[in-house]
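Hi,

Here is the structure I promised to pass on.

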Amino acid sequence: MASVTLQDITKEYEDVTAVDSMDLQIRDGEFITFVGPSGCGKSTTMETIAGLTLPTRGSIEIGDRSVTNLPPKDRGISMVFQNIALFPHMDVYENVSFGLRLRKYDQEEIDRRVEQAADVVQLEGMMDRMPKEMSGGQRQRVAIARAIVREPDVFLMDEPLANLDAELRVHMRTQLQRLHRELDTTIIYVTHDQAQAMTMSDRIAVINDGVLQQVAPPLECYNEPTNRFVAGFIGSPAMNFLEGEVSDDGFESQYANIDFDPATHGVTSRQEVTVGIRPEDIFLEQDSRKATSPTKAFDAVADVLEPMGKEMNAYLLFDRDVEASAEGRGEGQLLMNLAPDTSIAEGDDVRIVMDRENVHLFDRESGNAITHTLE
Amino acid sequence: MSQEDRSDLAAMETTEEPDLDRGIVEAWAAKMISNPDRAYRATFYLATIFFLVTTLFPFYWLFMVALTPRGDLSSVGVLTPGGFNPGAFIEIFTRLPFHRYIFNSFLIAVVATVIVLFVASLAGYVFGRLRFRAKNVLLLGVLVTSFFPPAAFFVPLNRLFNRNVDILRPLIQDGSLYNTPYAIFIPLSALYLPLSIFILMTFYSQIPDGLEDAARVEGTTRLGALFRIIVPLSAPGVATAGVLTFITVYNEYFFSSLMTDGRPQSWAPMLEGILRFQGEFEVLFNLMAAASIVAVLPAAILVIVAQEKIVSGLTAGAVKE
């Protein structure tokens, strides 16, 4: 168990900056997830913690030791890789005991620890299987056993579930959470899947373009994103955005106006802003009592309906002239959640309201959040 | 049965066997076209037989010559010996210490192979797995070196190895490398290094980065990861490079003969030994033939053993670290 401190970590390749002066404090025993789109620098950050890459600048401490220039083997870490990376020429026992044998533990201790680790990940009786004789989930459990058997200070997990099928992924997700509870060790987890990040972590570190955007517990990232990137990245389906500007008595855009007092919400008139509203904070007018503080109603057209079972996603257009964008949600398009039994058909005219309590306001230029409520 | 029925039957017979009136070759070609697998199999056997005959027949004939008593050499037939004298296989060891020549070649080849595999592994790792400036230039340098004919290096090396170097005096008689195994395997290792570097580089570059990273996180250094993970997983490549180097060095004549005075105690190689049966007044062809066959054995055994290793390494994952 140990805390991890990153200070001004920068990694530059010839022409790109993969990680840009990152400062991060990871607490002892914490499950923290690095999340971001692919190529955002989250894996590079993890590699610098592991010592597989040396940072161009900055320092790393694990526990109270500075490990910036130590080789991976002396950092007290273990790692689970995205491609699982079991040694294909060794059986399960040899794979799991590899690190212990290198460190010259005596045979009894090795056997005891391997057995214990196999017990944790439920691998009993598979000790003499070769990796290629096992299924994806079994291999991943071997990789986890190999990581926990050395009782490291910090676990690094680089997209360990990415190569598993969906059902197994959900299963392993709960397994990992249980593992974290049992071992009580610091876990640093890298994923591009915000659902994994939300469900497992104590805190999420959202990274984009090598820059740390926000470090906070999952719900805080969800409810109070620090900027437009975090708002759009965390949450599925993603937040709706409306470009517009501040008028004297609220928000004005091509399609919708929201009344509020600019002065009390930290904006000035004529400021260019983006409104963010999550699909579950939009309601039909007849349901407006469900909203804590409904705005006045807007006209819209139901474009595409997606019944999901427990809810229904409705893609709306603000008016019939809006061209539905082929990629993502374009300007004038809006996604809302409806109860699955709502009587509505594609092409219907609807009147909707937003819940003022959960309307986010971002500065258009910097993308930074201005307020998370317009009450 | 009516007349009509019978003629119908006759018609059916002729349509069933349409190639009755074709020639043998035409019929054969038709069969091949309708069943190409047969054609491929036939050509495969043909090529294999051709290859086996051209490589194995000289051996067979060498054996016939070896069995023929010295006086009857002119009566060696195409398939039969001109007499029966298996004693030639003993005589090669009594007339000359031929076993010493074989030992010399064998030892030199083993040492050269070990050196080549070790150095080429390091170089192969660097060229195959690391990114650094001037990599291609260096690689080109290695390639260019391997293009030089060995003879180009001979004169300077010969002068170098004939010089008495004072610091070598305690290690080597009179401080000169001439007539020592070093004079043979040092230049030979260097000459055959590029080929092994290229083979190993290709194999090592195929090993996923994740495996090396995993090994390093688990507690090896980069070198440890190379020899514990990358090399065992590249067993077929290592075996190939090793066998190629061994055979080339074992069979090498140019350097080995010029860097020694030809006596067995001066580390003269096996080929030198075979040529020693060529006297001033007489060429002992039967002994040369017997010696050639004996000399092939170590290399043949090695190849067979190495092949088994390759196969087992691939199938059972039997390579343990």
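Chain B is assigned a domain 1 (3-75) and a domain 2 (88-315), where the bounds come from an automatic or database domain assignment. The centres of domain 1 of chain B and domain 2 of chain B, taken over C-alpha atoms, are 43 Å apart. Where they touch, 7 residues come from domain 1 of chain B and 9 residues from domain 2 of chain B; two residues count as in contact if their C-beta atoms, placed from the backbone, lie within 7 Å.

Before going further, the ground rules. This is a predicted model, so keep in mind that local features need pLDDT of at least 70 and side-chain atom pairs count only at pLDDT 80 or more, while totals for chains, interfaces and linings use all residues. Residues are numbered from 1 along each chain as its sequence is written, and chains are lettered from A and ligands numbered from 1 in the order in which they are written.

Staying with chain B, have a look at helix H7 (residues 150-162). Helices (H or I, at least four residues) and strands (E, at least two) are DSSP runs, numbered from the N terminus. H7(B) has 13 residues and covers 18 Å from its first C-alpha to its last, close to the 18 Å expected at 1.5 Å a residue (that is, 1.5 Å times one less than its number of residues). Even so, H7(B) has a kink of about 35°, centred on Pro156(B); the bend at a residue is the angle between axes fitted to the seven residues ending there and the seven starting there.

How do the two chains meet? Chain B puts 17 residues into the contact and chain A puts in 20 residues. On the side of chain B that touches chain A, helix H9 (209-218) and helix H10 (222-233) of chain B are the elements giving two or more residues. H9(B) gives the most there, with 7 residues.

Now chain A, which has 8 helices and 21 strands. Its C-alpha trace spans about 75 × 45 × 35 Å along its principal axes. Of its 375 residues, 41% count as buried (20 or more other C-beta atoms within 10 Å of a residue's own, with C-beta atoms placed from the backbone; 12 or fewer is exposed, and in between is partly exposed). Chain A is also divided, into domain 1 (4-225) and domain 2 (240-371), with C-alpha centres 39 Å apart.

One open sheet in chain A has 4 strands in the order E2-E1-E4-E5, with antiparallel pairing; strands pair if DSSP finds at least two bridges between them. Strand E2 (17-26) and strand E5 (65-66) of chain A are at the edges with a single partner strand each, so one side of each is left without a neighbour in the sheet. Helix H1 (residues 42-50) of chain A packs on this sheet, touching strand E1 (4-12), E2 and E4 of chain A. E4 (residues 57-62) of chain A is joined to E5(A) by 2 bridges, and Glu61(A) sits opposite Ser66(A) in E5(A).

Further along is strand E14 (residues 272-277) of chain A, mostly covered, with 5 of its 6 residues buried. E14(A) pairs antiparallel with strand E11 (residues 240-247) of chain A over 6 bridges, where Val275(A) is the bridge partner of Leu242(A). E14(A) also pairs with strand E20 (residues 360-363) of chain A, antiparallel over 4 bridges, and there Thr274(A) stands opposite Phe362(A).

Cheers

Key: Axes fitted to C-alpha atoms, helices over the stretch in contact; angles between N-to-C directions.
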